[in-house]
Every structure is written in C-alpha cells, then in structure tokens.
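Subject: Structure handover, with notes on what was found

Dear colleague,

Please find the structure below, followed by my notes, which I have kept to what was computed from the coordinates. I would be glad if you could read them alongside your own view of the model.

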Amino acid sequence: MARRRDYSYISPCVKWTLFAFNFIFWLFGLLLVGIGLYGVVFTAQDLHGLKSVKIAYIVLTDLSGVMVALGSIIFVVSFAGCIGALRENLCLLKLYFWSLTIFLVAELIFAIGCILFPWKSREIMESLLSKRLIEDYRESQNTQNFVDSLQRHFECCGITTDGYQDWNANEYFNCSDHSPSAEKCGVPASCCIRRKNMTHLNSMCGYDVQKKKRHEVSEIINPNGCVTSIIQFLESNLYWAAGVIFGITLFQMYVTHQARSLMDQIALQRSRWESQSLTGYHRLLTRTDAPHY
C-alpha cells in the first residue's frame, strides 16, 4: 500500500511528552527565579554598609543567589526543550540535547571522583562549605536560617570533622583574646540538644562550649560536624538515597533519548519534504520540456 502524502515521521507521543515535561520544568525554573530574586532583594538590604564586592560575593553564594542561578539554568534549558518540541525547531532541540548531555557527563564525573577519591572530595566540600556557611553565618539572614535548619534537622554543629570547633572561624564565636563578642567561644543555639519534653530552648546553652572537650559537651550540644551527620544519614537510608539518585538519572537519560529521537524524526521528515519537492520539480520540468504535437 502506498504511503499517504500527508504521512509524518514525527511521533506525536514523543513530541507532546517532551513538551509537557519541559513545560512543567519551565514553570518550576520560573518559580525558583522569582523566589530567589525576592530573597536577593532582602539579602542586599541586610548588607547595607558593606563593600560592593563583599555584597556581590555574599548575594551570589547565598541560598537565594543559588536559587536564581539554578532556576535560570532550568528555565533556559526547559524553554529550549519546550519550544523546540512545540515548533519542531532543530536548533533549540540541539541546545536542549547537548545541555542535558553535559549535565549527565558532569554528574558522572562528579560521582566517579567521589568514589575514587572519597576523602579528598570530602575535604574539598568541607572546606568550601565551612568558608561560606561558618565564616559568613551572621552576614546574611538566609545563610543563618539555612545553617540553623541544617544543624537542627541533622543534629550536628559545624561543618567539618572538627565539629563544634569550626565556629572558632566565625568572628562572633571566635575564642581569641581580643574578641569583644558576648558569644565568644560559643556556638549557635541550633547546636544545642533538644530534649523531648523541652518546651523552650535556652538560647545561651552554647556559650563557652569551645573551651571544653568533646566528651564534656556531648550532653549539651551535638558535637559532630554536619557533613559527617549527613553521610551517616545517607548510609542509614542507603536504598532510598540510591533509588532517588537512580530515578533522577534514569529520567534525565529518558528525556535526553526522547530529544535525540525527535531530532532524528524531524531531520527525516525534512529530508522527505525535500525529496518530494525535488520530485515535483523534475515532473514539472518533464512536462514543460515534453514535445507538443
């Protein structure tokens, strides 16, 4: 049976599935950007009086700044996939496909690096997080809320394996003799152990704990660093963590494959149209050049 003239190689299922997925992520990216910008405005107001370079560093590395950056990437990539699928635009689909491919390769390299060099990767992570979250704890309300929430949820104090002693790097909790702070040698109240029957938390429970040994403060605060606590949490929920990571990776691979399939279908459809156009042109020439009797 001959093919119909309006036959299309482009699968509606692939096209509209890709469009739907990316439309949802496009809205999600837009939401992240909106919330992040809202936080950036208030963070910049809190930093009034500091040098512009310092403000830029804190805003860009703040949770709201990270949300803006992440949301922008999701917005742009999803927009390319969404409009590329809807309009069958090969240029946008190629941008979308290669962006996802780069993300997958980067995630693979990161995973391999963490597996092959676990202690070195942990050391780098602890160093980066400690510098941003500990030293600038009081510089941004977003940073302070994030660290307090992290320490309460994972029952930890500080970032590295030094645990509660990390807070010596913060100017408000520094133990040096010339420190004028009332919180000198202390830790934030979010480090303190919360008892089940406790209705109110003593905000001064972490005062002077840096002067004591780890075994002496274990009844007052959670002495371990947050990276250690997070790793222990992931190890105790290994199957759930592996399932989530596997699911996200599988979804990325599926969407990347869908984008590649749609690109091939569009290219095949265009080549068919070009073939039909050439065939029609040759027929027209044949009719024009035919002898008349």
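By class, the lining of the largest pocket is made up of 26 nonpolar, 3 polar and 3 charged residues, where Ala, Val, Leu, Ile, Met, Phe, Trp, Tyr, Cys and Pro count as nonpolar, Asp, Glu, Lys and Arg as charged, and the others, Gly among them, as polar. A pocket here is an open set of points on a 1 Å grid over the protein atoms alone, where a 1.4 Å probe fits, with protein on both sides within 12 Å along at least five of seven lines, and a lining residue has an atom within 4 Å of a point. The model is a predicted one, in which local features need pLDDT of at least 70 and side-chain atom pairs count only at pLDDT 80 or more, while totals for chains, interfaces and linings use all residues. Residues are numbered from 1 along each chain as its sequence is written, and side-chain values use heavy atoms, with hydrogens and water left out.

The largest pocket has a volume of about 1400 Å³, a volume being the space filled by probe spheres set on the grid points, which are joined across faces, edges and corners. Its lining consists of 32 residues, and Phe 110, Cys 114, Met 125, Leu 234 and Ile 245 are those that lie nearest the centre. Two or more lining residues come from each of helix 4 (90-116), helix 5 (118-134), helix 6 (141-153), helix 8 (226-236) and helix 9 (238-289), helices being DSSP runs (H or I, at least four residues) numbered from the N terminus.

The second largest pocket has a volume of about 490 Å³, and of the 18 residues that line it, Phe 25, Ile 74, Leu 100, Phe 103 and Gln 252 are the closest to its centre. At least two residues of that lining are supplied by each of helix 1 (12-46), helix 3 (63-87), helix 4 and helix 9, and helix 3 gives the most, with 6 residues. By class, this lining has 14 nonpolar, 3 polar and 1 charged residues.

As for the protein as a whole, there are 9 helices and 0 strands. Of its 293 residues, 33% count as buried, where buried means under 20% relative accessible area, exposed over 50%, and partly exposed in between (1.4 Å probe, protein chains only). Of the contacts with a separation of 6 or more, 70% are accounted for by residues 24 or more positions apart, contact meaning heavy atoms within 4.5 Å. The accessible surface comes to about 19200 Å², of which 65% belongs to carbon and sulfur atoms, the areas coming from the Shrake-Rupley method with a 1.4 Å probe.

The largest nonpolar core has 20 residues, of which Tyr 164, Trp 167, Val 187 and Ile 221 touch the most other members; such a core is a set of buried Ala, Val, Leu, Ile, Met, Phe, Trp, Tyr and Cys residues joined through side-chain atoms within 4.5 Å. Helix 5, helix 6 and helix 8 each supply at least two residues of this core. Leaving aside neighbours within four places in sequence, Ile 221 is in contact with Tyr 164, Val 187, Cys 191, Cys 192, Ile 193 and Val 209. Another core, of 16 residues, lies apart from the largest one, and its members include Ala 80, Tyr 96, Phe 97 and Ala 259.

In the loop between helix 6 and helix 7, Cys 185 has a phi near 65 degrees, a positive value in a residue other than glycine, and is buried, with a relative accessible area of 3%. Glu 155, which lies in the loop between helix 6 and helix 7, has a phi near 50 degrees, also positive in a residue other than glycine, but counts as exposed because its relative accessibility is 54%. Lys 212 lies in the loop between helix 6 and helix 7 (214-217) and counts as partly exposed, at 33% relative accessibility. Lys 212 and Cys 185 are 27 residues apart in sequence and 9.6 Å apart in space, C-alpha to C-alpha.

Lys 15, in helix 1, is a charged residue that counts as buried because its relative accessible area is 13%. Beyond its neighbours within four places in sequence, Lys 15 is in contact with Ala 85, Leu 86, Glu 88 and Leu 262.

With best wishes
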